[in-house]
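Please try each task on the structure before reading on.

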Amino acid sequence: MGSWEIPVNEEEAIGVWVRDELSIWETKMKRIINDLKKYGKYVIYAGRSELKAEVANSYLNWLWWVIEPFCFMLVYAFVFGVIFDSQLQYFPIFIFIGITVWDFFNRMLKASVSSVKNSKAIVSKVYIPKYMLILVKGYVNGFKMLVSFAIVFGMILVWGVPITWKFLFIIPILLTLFVITFGVCTFLLHFGVYVDDLANVLNIFLRMMFYLTGIFYDLHAKVGAHFGTKVADWITELNPVAVMLASLRRVLLYGELPHYKWMIGWFLIGLVISWFGIRLIYKNENSYVKVI
Amino acid sequence: MGEYAIEVKNLCVDYKSLKSYSIKKMLLRGKRNEKELFHAVKNVSFSVEKGEIWGIIGKNGSGKSTMLKAIAGIFSADGGSIDLKGHSVSLLSIGVGFQKNLSGRENIILAGMLLGFSEAHVREKMDEIIQFSELGDFIEKPVRTYSSGMYSKLAFSITAILETEIMLIDEVLSVGDEHFKKKSLNKMKSLINDENRTVLIVSHSIPMLKELCTKVMWMHDGEIVKIGEPNQVLKEYSEFMK
C-alpha cells in the first residue's frame, strides 16, 4: 500500500494512463508480428493446399470458380437488365464486379463462424493462433476473387471500357475490403464457438445485406429516388461493402475517383475492429477447445 | 542432469460455464444455461528433469489427457503455471490433426509446420516419415480415405521422426497391428535413449510403463496420488484398481 504513487495532477495521471496503454499496445503488437512471422508460412501453405485439393477432387473444379459467378451474372443481367429494364452502362460488368466482391465477403463470414469447429482436428492437437484460420480462408477466397477479377478485365477489354490510371485504385480498395472483412471475421470466429446457431442469424443478416448492398442495381440512385439523397448517402456510406463496391465500379467502369474519404475511414475502422478482434481471440482462444 | 525441462506449479484446469448456448434456446427459455463447474486438474505440481521418461497412470477421467493438453499449450490453465523452458513440444494422441481432404504428404508438411519446423526441414525428413508409416502409395491419397490404423501410423511417424524436445504421448502406443506396435515401441526406446529428450506417456499398459519409464505418476480425480519408482507405484496402483 505504501508504494502507491498518487499522480499529483491531472496531466500526470493522463501521462501514466497513456504510458500504460502504449506498453500494452507494444507487447500485443509484438506478439501479433511474431505470430505472423511464425505462422505466415503455414497460412500460405495451408491455403495453397486447400486450393489444390479443390482442384484435385474434380478437374473442372477451378472452372467453377469462374462459371458460377458468370452464370449468376447472366441471370441478374437478364432479370434486371431485360425484365426490369436497367439502363446502367456496362451492366454485365457492373453486376460481375458486384458478385465478385460479394462472394468474397459472404464466403469469408460464413467460413469464420464455424472455422474453429471445422478445424477441431487441428486445434485440439496443437496450438495455433486461431485467427490464422481466418487468414487461410482469406488466402483461398482472395485467390478466387483474383481469378474472378481476371474475368472482369477480360470483359472490360471486350466491352471496350476506357482503361485509365485510376485502375490502380483497385489495390487500396481491395486491401480495405480485406481489412474490414478480417475484422468482422475475428468477432464471428469468437462468438461462433459459443453460440450454436449464430450461423442461422448470420445467414439472415447476409441475405438482407446482399439486397442492400447494390450487387445488381445502383444502390445510391434507387434509394435516392425513393427517400432522397440524404438517406441514400447514409445507406451507402455506412455499409463498407457498398462503399468498396461503388468505388470499384467508379474506378473501373466510369473513370472516376473512388469515395476515398469513406474508404480511408473504413480502412481505419477495419484496423480498429481487427485489433480488438485479435485481442479477444488471444484472450479466449485456449478455452475454445473446451467448448467444441 | 539436474536441469528441468518441464516445471508445473499449482496447475488447475477447469471446465466451467463453457457450454455453448444458442439464441433459439435463449429466446424460448429467456435465460442462459446454468453454469457448470468441473475441476479436471486440481492444484498439481511437479518437475520433470531433462531426459526423463515419465509414465502417467490413472483411471479414465482422472485428468491425465487434460493435463497433457495444458502442457502442450492447447488448453489454458485456470491457475498455476507451466514452464517448458523454451523447449519444443508435440502431443501425440488418438485421432490426429489432419485435414481430411488433403493428401498424406501435404498433411505431413502442415503438421510439421505447426510443430514449428520449417518446410525445408520437413521435406528433408519426408521420405523417412513415409517409410516409417508404411503407407506406401496411400501417401498421395486424401487422408479421408485412410483407415483408423493408417491415421495413427501416420501421426506417430510424424512426431517420432520430427523429434521435438518434449514429447507427450497419449495412449497411442497401442495402435496399429502387432508389427507396427513392435516397431513403434523400438522407435520409442531409441528416442528415449537420447539424453536431451523428455517424454511423458499416458497409458494403461502397466508392462509397457514398467519397461520404458524412469518414473511413474499416478493421478486420481485430478490430483497426484504418488510420484515415484515405476515398480512400486505401479504395484500400488494395480492393487488399488483391484
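**Exercise 1.** How are H3(A) and H6(A) oriented to each other, and which residues make them meet?

*Solution.* This is a predicted model, and the starting point is the pair of fitted axes. The axes of H3(A) and helix H6 (residues 131-159) of chain A come within 10 Å and cross at roughly 175 degrees. Since angles over 145 degrees count as roughly antiparallel, H3(A) and H6(A) are therefore roughly antiparallel to each other. Next come the residues: H3(A) contributes Pro92(A), Ile93(A), Phe96(A), Ile97(A), Thr100(A), Phe104(A), Arg107(A), Met108(A), Ala111(A) and Ser112(A), while the residues of H6(A) that meet them include Ile134(A), Met145(A), Phe149(A), Val152(A) and Trp159(A). Sorted by class, this contact has 15 nonpolar, five polar and two charged residues.

**Exercise 2.** Describe the packing of H2(A) against H3(A), giving the angle and the handedness of the crossing.

*Solution.* Helix H2 (residues 61-83) and helix H3 (residues 91-113) of chain A have axes that come within 9 Å and cross at roughly 130 degrees. The two helices are therefore oblique to each other, and their crossing is right-handed. On the side of H2(A), the contact is made by Pro69(A), Phe72(A), Met73(A), Tyr76(A), Ala77(A) and Gly81(A), and on the side of H3(A) by residues among which are Phe91(A), Ile95(A), Ile99(A) and Asp103(A). Ten nonpolar, two polar and one charged residues make up the contact of H2(A) with H3(A).

**Exercise 3.** Where do Tyr90(A) and Lys85(B) lie, and is each of them buried or partly exposed?

*Solution.* Most residues other than glycine have a negative phi. Tyr90(A), although not a glycine, has a positive phi of about 50 degrees, and Tyr90(A) is found in the loop between H2 and H3 of chain A. Because 18 C-beta neighbours lie inside 10 Å, Tyr90(A) counts as partly exposed. Lys85(B) is likewise not a glycine and has a positive phi, of about 55 degrees; its place is the loop between strand S4 (79-83) and strand S5 (89-93) of chain B. With 13 other C-beta atoms within 10 Å, Lys85(B) is partly exposed.

**Exercise 4.** Which elements form the side of chain A that touches chain B, and what can be said of the bend and burial in H12(A)?

*Solution.* Begin with the totals: the contact takes 24 residues from chain A and 25 residues from chain B. Two or more residues on the side of chain A come from each of helix H1 (10-57), helix H5 (120-123), helix H7 (170-194) and helix H12 (260-291), with the largest share, six residues, coming from H1(A). By class, this side has 15 nonpolar, four polar and five charged residues. Turning to H12(A), there is a kink of about 55 degrees centred on Asn284(A), and the buried residues of H12(A) include Trp262(A), Trp266(A), Gly277(A), Glu285(A) and Lys290(A).

**Exercise 5.** How many residues of helix H2 of chain B are buried, and what follows H2(B)?

*Solution.* Chain B comes to eight helices and nine strands, and 41% of its 242 residues count as buried. Helix H2 (residues 64-71) of chain B is mostly covered, since eight of its eight residues are buried, among them Lys64(B), Met67(B), Lys69(B) and Ile71(B). H2(B) is followed by Gly73(B), whose phi is positive, near 85 degrees.

Conventions
Residues numbered from 1 in each chain as written. Chains lettered and ligands numbered in written order. Predicted model: local features only at pLDDT ≥ 70, side-chain atom pairs only at ≥ 80, totals over all residues. Axes fitted to C-alpha atoms, helices over the stretch in contact; angles between N-to-C directions. Helix = DSSP H or I, 4+ residues; strand = E, 2+ residues; numbered from the N terminus. Parallel < 35°, antiparallel > 145°, perpendicular 65-115°, else oblique. Left-handed = near helix turned anticlockwise from the far one by under 90°. Contact = placed C-beta atoms within 7 Å. Nonpolar A, V, L, I, M, F, W, Y, C, P; charged D, E, K, R; others polar. Bend = angle between axes of the 7 residues up to and from the residue. Buried ≥ 20, exposed ≤ 12 C-beta atoms within 10 Å, placed from the backbone.
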